[in-house]
Amino acid sequence: MPAKYLEAEVRREAGVAVIELRGEIDAFAEEALAAAYEEAEAENPETVLLDFEGVDYINSTGIALIVGLLAKARAAKKRLVACNLSAHYVEIFNITRLSDFMGVYPDRVSALSEASTP
Amino acid sequence: MTAYGRPDHGGGPRVLTEFSLPSEPGNERRVADDVAGAVESLGLAPDRMERLKTAVAEATMNAMEHGNGYRPEVPVVVEVISSSQELLVRITDLGGSPVPVPDPEVPDLSAKLEGLQTPRGWGLFLIQNMVDEMNITGDRDHHTVELVMHLEEGPKGGEDAS
């Protein structure tokens with residue numbers, strides 16, 4: 001099975017920096033994820049939303065990369081939130097307690113709606 | 001405890017598949033998909049199948065990285081065995097390092113966010129949470145991680161578990 005390297009695109013919606021993710025979040029994703037986060041942070045948004053709709057695989061290294069982004073966001077006093085995770089990865093976010101530290105929403109509309117609430 | 005062995009045509013434990021793959025980054029997904037294909041007939045609930053695939057991928061990654069040092073010429077061997085009660089997936093590396101012991105320190109996200117723990121270190125933790133049992137055995141020539149899924153609804157059963 002050929003690896004589906006991560007592609008990440010940054011958009012701005014309702015004052016939120018949205019990082020649209022497609023592919024796999026594993027060790028190969030580090031560079032793309034870091035570059036996208038840097039681009040998202042450049043406009044100094046209050047909230048950065050990771051949209052996992054196009055992601056079909058996250059491994060333990062990918063979890064570590066997300067922990068790294070969360071640490072960066074917290075250091076910069078920004079909110080990092082997530083949406084469109086599959087049920088399996090919602091479970092993994094619960095087990096790892098990522099969902100205790102970042103809002104996890106079923107879809108982008110609910111994430112943006114919540115993010116725009118002060 | 002169920003006894004396992006070679007194929008038993010009388011309906012006992014049977015080897016569903018056995019194969020090996022080079023220790024190359026990304027092959028963990030191939031292993032997870034091949035194991036999922038091999039156990040399809042067992043009728044695991046979709047959520048348990050996803051957990052099994054994650055555990056298999058993580059165990060394979062550990063075997064390739066920590067056991068075999070990502071040397072492609074050193075294979076990871078995978079064996080899938082089922083009985084009426086259990087599904088076993090054994091993942092063996094040929095590393096010469098000590099048998100890995102699950103870290104007694106549970107990954108603590110608060111500590112990781114404060115820089116008190118490395119952001120990594122989720123692999124064995126995920127495996128332990130995805131399957132019903134995990135056993136690690138080995139000697140100086142190889143390590144085997146054995147993943148066990150109870151085929152009757154167990155403590156980590158699906159949404160309909162009471």
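This is a predicted model: local features need pLDDT of at least 70, side-chain atom pairs count only at pLDDT 80 or more; totals for chains, interfaces and linings use all residues.
View 1. Of the 118 residues that make up chain A, 44% count as buried.

**View 2. Secondary structure and overall dimensions of chain A.** Chain A holds five helices and five strands, and, read from the N terminus on, these elements follow one another in the order β-β-α-β-α-β-α-α-β-α. The radius of gyration of chain A is 13 Å, close to the 13 Å that the globule rule gives for 118 residues, so chain A is as compact as a globular protein of that length. Along its principal axes, the C-alpha trace of chain A spans about 45 × 25 × 25 Å.

**View 3. The contact between chain B and chain A.** Here 19 residues of chain B are in contact with 22 residues of chain A. On the side of chain B that touches chain A, at least two residues are supplied by each of α1 (27–38), α2 (46–67), α3 (109–113) and α4 (123–130) of chain B.

**View 4. Close-up of the side of chain B that touches chain A.** Which helix gives the most to this side of chain B? That helix is α2(B), which contributes five residues to the side of chain B that touches chain A.

Technical notes: Residues are numbered from 1 along each chain as its sequence is written. Chains are lettered from A and ligands numbered from 1 in the order in which they are written. Two residues are in contact if their C-beta atoms, placed from the backbone, lie within 7 Å. Helices (H or I, at least four residues) and strands (E, at least two) are DSSP runs, numbered from the N terminus. The radius of gyration is taken over C-alpha atoms; the globule rule is 2.2 Å times the number of residues to the power 0.38. A residue is buried if 20 or more other C-beta atoms lie within 10 Å of its own, exposed if 12 or fewer, and partly exposed in between; C-beta atoms are placed from the backbone.
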